[in-house]
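Please look over the sequence and the structure shown here before reading on.

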Amino acid sequence: MKRYNLLIVLLLLIFNVTTAQKKNSPAADLSILKETKTKIENTVPLVIKHLQAIADKEGDNNIVTNGKVALGKEYGILESEWFLYRNNMKNCILNNSSKKAKKCMEYHTQYLRNTFLNYNNYISNLTRKNGYLGVEGDTKFDFKPIDITTKLSEAYFNAHEAAGRMKGNQKKDFLEQTMSDDNKLTPFGQLAH
């Protein structure tokens, strides 16, 4: 009889611990921000490698020089939007009621998705097979705007729910992590060497 009581007590304890973790922990994993940053940054060397292949074939290094300027401009647009997105999403959660926060987050995610799609179209067209000057190669990017923004949206909705369970400065400190230097894009000049 004692064994069964002990087993029941252990099962109840495990159940209570896992339930408590769900209710009290932030439960929001914002690691997708760092993953997204890495995916964006990884596109730059791949595009430059393709531009270098064209330049080598044509014997004209201006192709790389001019290509870097154009890519830097596109990356700069994305860099600005990435900063605004993270800041706006944080502010949506901090400064709005639940219903307004969700609408606010949906709006900014859609805007980021469009920016990502424009960037993806630019780099894909630039590096597609049989593209510019017939240079072979079909550069594969681990950059899928719809997938990325869907995961970002889910992470922020989870953060919104988690923040709702927090008190005072805990909520603000939790959301400030989205603006940390770890999630900031590396400047183009450092990536395009």
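Cysteine 92 and cysteine 104 form a disulfide, with their sulfur atoms 1.8 Å apart, where a disulfide is a pair of cysteine sulfur atoms within 2.5 Å. This is a predicted model, in which local features need pLDDT of at least 70 and side-chain atom pairs count only at pLDDT 80 or more, while totals for chains, interfaces and linings use all residues. Residues are numbered from 1 along each chain as its sequence is written, and side-chain values use heavy atoms, with hydrogens and water left out.

**The disulfide**

- The structure holds one disulfide, and the torsion about the S-S bond of cysteine 92 and cysteine 104 is about -65°, so the disulfide is left-handed.
- Cysteine 92 lies in helix H3 (residues 62-95) and cysteine 104 in helix H4 (residues 98-127), so the pair ties together parts that are twelve residues apart in sequence.
- Cysteine 92 is buried, with a relative accessible area of 1%; buried means under 20% relative accessible area, exposed means over 50%, and partly exposed lies in between, using a 1.4 Å probe and protein chains only.

**Overall make-up**

- The secondary structure of the protein comes to seven helices and zero strands, where helices (H or I, at least four residues) and strands (E, at least two) are DSSP runs, numbered from the N terminus.
- Along the sequence, the protein follows the pattern α-α-α-α-α-α-α.
- Of the 193 residues in the protein, 37% are buried.
- Among contacts between residues at least 6 apart in sequence, 79% join residues at least 24 apart, contact meaning heavy atoms within 4.5 Å.

**How helix H2 packs**

- Helix H2 (residues 31-58) and helix H5 (residues 145-164) pack at an angle of about 155°, with their axes 10 Å apart; axes are lines fitted to C-alpha atoms, for helices over the stretch in contact, and angles run from 0 to 180 degrees between N-to-C directions.
- That angle makes H2 roughly antiparallel to H5, on a scale where angles under 35 degrees count as roughly parallel, over 145 as roughly antiparallel, 65 to 115 as roughly perpendicular and the rest as oblique.
- H2 passes H5 in a left-handed crossing, a crossing being left-handed if the near helix is turned anticlockwise from the far one by less than a right angle, and right-handed if clockwise.
- On the H2 side the contact is made by Ile32, Leu33, Thr36 and Lys39, and on the H5 side by Ile148, Lys151, Leu152, Ala155 and Tyr156.
- By class, this contact of H2 with H5 has six nonpolar, one polar and two charged residues, with Ala, Val, Leu, Ile, Met, Phe, Trp, Tyr, Cys and Pro counted as nonpolar, Asp, Glu, Lys and Arg as charged, and the others, Gly among them, as polar.
- The axes of H2 and H3 come within 9 Å and cross at roughly 170°, which makes H2 roughly antiparallel to H3.
- In the contact of H2 with H3, the residues divide into 14 nonpolar, three polar and five charged.

**How helix H5 meets helix H6**

- The axes of H5 and H6 come within 9 Å and cross at roughly 160°, which makes H5 roughly antiparallel to H6.
- H5 passes H6 in a right-handed crossing, and Ala159, Ala162 and Ala163 in H5 meet Lys171, Phe174 and Leu175 in H6.
- The residues of this contact of H5 with H6 divide into five nonpolar, no polar and one charged.

**Individual residues**

- Threonine 109 lies in helix H4 and is buried, with a relative accessible area of 5%.
- Not counting residues up to four places away in sequence, threonine 109 touches Tyr85, Met89, Thr149 and Ser153.
- Leucine 126 also lies in helix H4, but counts as partly exposed at 22% relative accessibility.
- Leucine 126 and glycine 67 are 59 residues apart in sequence and 9.4 Å apart in space, C-alpha to C-alpha, while the residues that leucine 126 touches, not counting those up to four places away in sequence, are Val47, His50 and Leu51.
- Methionine 179 lies in the loop between helix H6 (168-176) and helix H7 (188-191), and is buried, with a relative accessible area of 17%.
- Methionine 179 and phenylalanine 83 are 96 residues apart in sequence and 7.7 Å apart in space, C-alpha to C-alpha; not counting residues up to four places away in sequence, methionine 179 touches Phe83, Arg86, Asn87 and Lys90.
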